[in-house]
Amino acid sequence: MPRKPIYDDLAVIRQRSQNPQSGNTSSSSPTLTERLAGQIRQARLFVHGYAATTESRFNSIMSSLLTQERSFTQTIASLAPPPESHEHIMPGALYVLVAAMSASIATRNRNILLRATVPFGVGLGAAWLLLPVTMRNVGDLAWKYEEKVPVLAENHMRIRGATTEGWKQIKIRGEQARSWSSERVRTAREAVEEWVKKGR
């Protein structure tokens, strides 16, 4: 009697048991070996299906992680200044750090509000002064994220408008003070020259 393969199809085994051949007339149910082979086959198919599902989930998680990594690296690369701007990140970043640390040292014996805000403000001002292109790129990126929250964007625009208006007023007042002081200096100089001409 030839040996049957252990992984015969269960349907074929059942069909053989329901349609007995000439040599197989002893019983109508599958043998113990055939039932064991069917159970092993079902277990292998279950494990294979579970492994395939796990693999597909793992692949989708990895592809989403790689997409996020690519997005992150592209975002960081977009913050760097273009080569034609001649702006170097490393010395500028060190200067910004030194400015913030010096402000921290200058305010170390002051109250907690000054110790928290002055180094941040000085560092931010130094960054805008020393790394203008990079800070503009960072500002554009921050604005892109702020647009997703309308309340934050509106407050930002309100603060920015007030700051711009304040800066304009400071410039106007500075020009007025400069013209007033130059007028006073000119008047004083003319008075001194007149005084010298009279020989006193």
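1. T117 is partly exposed, with a relative accessible area of 41%. This is a predicted model, and in it T117 is found in helix α4. The C-alpha atom of T117 is separated by 9.3 Å from that of S104, a residue 13 places away along the chain.

2. Helix α4 covers residues 112-130, which makes 19 residues. From its first C-alpha to its last it reaches 27 Å, close to the 27 Å expected at 1.5 Å a residue. The buried residues in α4 are P119, G123, A126 and A127. These buried residues of α4 pack against α3 and α5.

3. Helix α2 spans residues 32-79 and has 48 residues. Its reach from first C-alpha to last is 70 Å, close to the 70 Å expected at 1.5 Å a residue. Residues E34, A37, G38, T75 and L79 of α2 are buried.

4. Which aromatic rings pair in this model? F46 and Y50 form an aromatic pair, and the count comes to 1 aromatic pair. The ring centres of F46 and Y50 lie 6.4 Å apart, with 20 degrees between the planes, and the pair is stacked. Under 30 degrees counts as stacked, so the angle places the pair in that class. Both residues lie in helix α2, 4 residues apart, which is about one turn of the helix. An α-helix has 3.6 residues a turn, so residues three or four places apart point the same way. Both F46 and Y50 are exposed.

5. Two packed helices are described by the angle between their axes and the distance between the axes. The axes of α2 and α5 (residues 132-146) come within 8 Å and cross at roughly 140 degrees. The two helices are therefore oblique to each other. On the α2 side the contact is made by T75, S78 and L79, and on the α5 side by T134, N137, V138 and L141. The residues of this contact divide into 3 nonpolar, 4 polar and no charged. Of the α2 residues named here, T75 and L79 are among those that are buried.

6. Is T134 buried or exposed? T134 lies in helix α5, and at 12% relative accessibility it counts as buried. Leaving out residues up to four places away in sequence, T134 touches L79, P81, E87 and I89. T134 is also one of the α5 residues in the contact with α2.

7. E146 is found in helix α5. At 16% relative accessibility, E146 counts as buried, the cut-off for buried being under 20%. E146 touches L152, A153 and H156, not counting residues up to four places away in sequence. The C-alpha atoms of E146 and H156 are separated by 8.4 Å, and the two residues are 10 apart along the chain.

8. Most residues other than glycine have a negative phi. H86 is not a glycine, yet it has a positive phi of about 55 degrees. Where is H86 placed? H86 is in the loop between α2 and α3 (89-106). H86 is exposed, with a relative accessible area of 64%.

How values were computed: Residues are numbered from 1 along each chain as its sequence is written. This is a predicted model: local features need pLDDT of at least 70, side-chain atom pairs count only at pLDDT 80 or more; totals for chains, interfaces and linings use all residues. Side-chain values use heavy atoms; hydrogens and water are left out. Axes are lines fitted to C-alpha atoms, for helices over the stretch in contact, and angles run from 0 to 180 degrees between N-to-C directions. Angles under 35 degrees count as roughly parallel, over 145 as roughly antiparallel, 65 to 115 as roughly perpendicular and the rest as oblique. Contact means heavy atoms within 4.5 Å. Ala, Val, Leu, Ile, Met, Phe, Trp, Tyr, Cys and Pro count as nonpolar, Asp, Glu, Lys and Arg as charged, and the others, Gly among them, as polar. The expected span of a helix is 1.5 Å times one less than its number of residues. Buried means under 20% relative accessible area, exposed over 50%, partly exposed in between (1.4 Å probe, protein chains only). Rings of Phe, Tyr and Trp (its six-membered ring) pair if their centres lie within 6.5 Å; planes under 30 degrees apart count as stacked, over 60 as edge-to-face and the rest as tilted.
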